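Open the model in a viewer and keep the sequence panel beside it.

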Amino acid sequence: MAKIQLCIDDYASTAVLAIGRDVHFYNFAEPDKALGGLILNPSVTEKTFLSMLDILIVASGSYRVTLRSTGHDLKPTDEPLQPGHYDIRPYSRRDTISITDEPWIMRIISQSSTGRENTFRTEVRKRDGKCVITGTINRRANRDNWTDFHAAHIFPLSSEDYWVQSGFSRWITNKGERDTGINSCQNGLLMEPTIHELFDGFYFSINPDDGYKITCFDEDNRSIDGRILDPVCRDPNNDLSARDELLSWHFRQAVLANMRGAGEPNFETDFPPGTDMMGEILSGPAAAKRMEVELSSRFGVYFLPGTLQSL
């Protein structure tokens, strides 16, 4: 049985990731102990933030969220979220709140090497023809030159076992009889390479429940926050369109990765020729987990639980 790479890291070891946050949220009963936070970008409204908290907070009853400095209770409106400290308070004293322990899946930039993945790449290119995040059109497509474009998996190819065990193939309508569906173009989007890397790192995501708005969870170096996912990849009349269920899964994972506790670790991906890639991985955060995902993605190698935990 392949090991499924599920990661809930020790938040203390990743505290550096909280640097730059201008939104913090707390259990009102522990006002000095943040449950998590967010680097605020303009796309985040009060409604957006409340929906994010619905992913992160486990509550035995309903609750309200209050900006500590003003006493303002958030409402599900399109008013921009203000920076500050937010207290989460149950309406009933008998109710409790805590942070979810829902797993986050570590992922790296997806690799394509087999025939079925080549089909995925071809179908995504044909459907989209442009980066669906920035809108950049591939003007070389008529010469079959796709140098500046990647077919990105929404759900990571390196976690196919988890895909199968969780039954995610139920959302794919164009898979073959013996195909898991993970390489369906319904699980793909065409992106520029740097955008692909940001997408796989959960630096941004797309919320189909908010008009397909793009939300950045870190500094927005590419000016994509607040943009809308290009309609070319989500035409409801096209059976090959990307599935909303998978986009929602990615958005949920981005919230878990970036907002819970101190956040999950970021990984180095730039390994120039001559770099000791193995050494850098082993000296970096979550070394054993990262190595398993790297080997799984590059070579199709999987590990029994715990076999790399001594790294």
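A residue counts as buried when its relative accessible area is under 20%. The model on screen is a predicted one.

Select cysteine 233 to begin. Its relative accessibility is 0%, so cysteine 233 counts as buried. A disulfide would need the two sulfur atoms within 2.5 Å. By that rule the protein has zero disulfides. Select cysteine 185 next: this residue is buried too, with a relative accessible area of 0%.

Zoom out and switch to a cartoon. The protein has seven helices and 13 strands. Of its 311 residues, 49% count as buried. Among contacts with a separation of 6 or more, 70% join residues 24 or more positions apart. With the surface turned on, the accessible area comes to about 15100 Å², and carbon and sulfur atoms account for 50% of that area.

Last stop: the second largest pocket, with a volume of about 330 Å³. To find the pocket, select Ile55, Asp209, Ser248, Phe251 and Arg252, which lie nearest its centre among the 16 lining residues. Colour α1 (46-56) and α5 (244-259), the elements that each give two or more residues to this lining. Which element gives the most to the lining? That is α5, with five residues. Colouring the lining by residue type shows six nonpolar, five polar and five charged residues.

Definitions and conventions: Residues are numbered from 1 along each chain as its sequence is written. This is a predicted model: local features need pLDDT of at least 70, side-chain atom pairs count only at pLDDT 80 or more; totals for chains, interfaces and linings use all residues. Side-chain values use heavy atoms; hydrogens and water are left out. On a 1 Å grid over the protein atoms alone, a cavity is a set of points where a 1.4 Å probe fits but cannot get out, and a pocket is an open set with protein on both sides within 12 Å along at least five of seven lines; lining residues have an atom within 4 Å of a point. Grid points are joined across faces, edges and corners, and a volume is the space filled by probe spheres set on the points. Helices (H or I, at least four residues) and strands (E, at least two) are DSSP runs, numbered from the N terminus. Ala, Val, Leu, Ile, Met, Phe, Trp, Tyr, Cys and Pro count as nonpolar, Asp, Glu, Lys and Arg as charged, and the others, Gly among them, as polar. Buried means under 20% relative accessible area, exposed over 50%, partly exposed in between (1.4 Å probe, protein chains only). Contact means heavy atoms within 4.5 Å. Accessible areas come from the Shrake-Rupley method with a 1.4 Å probe; for residues, only the protein chains shown count as cover.
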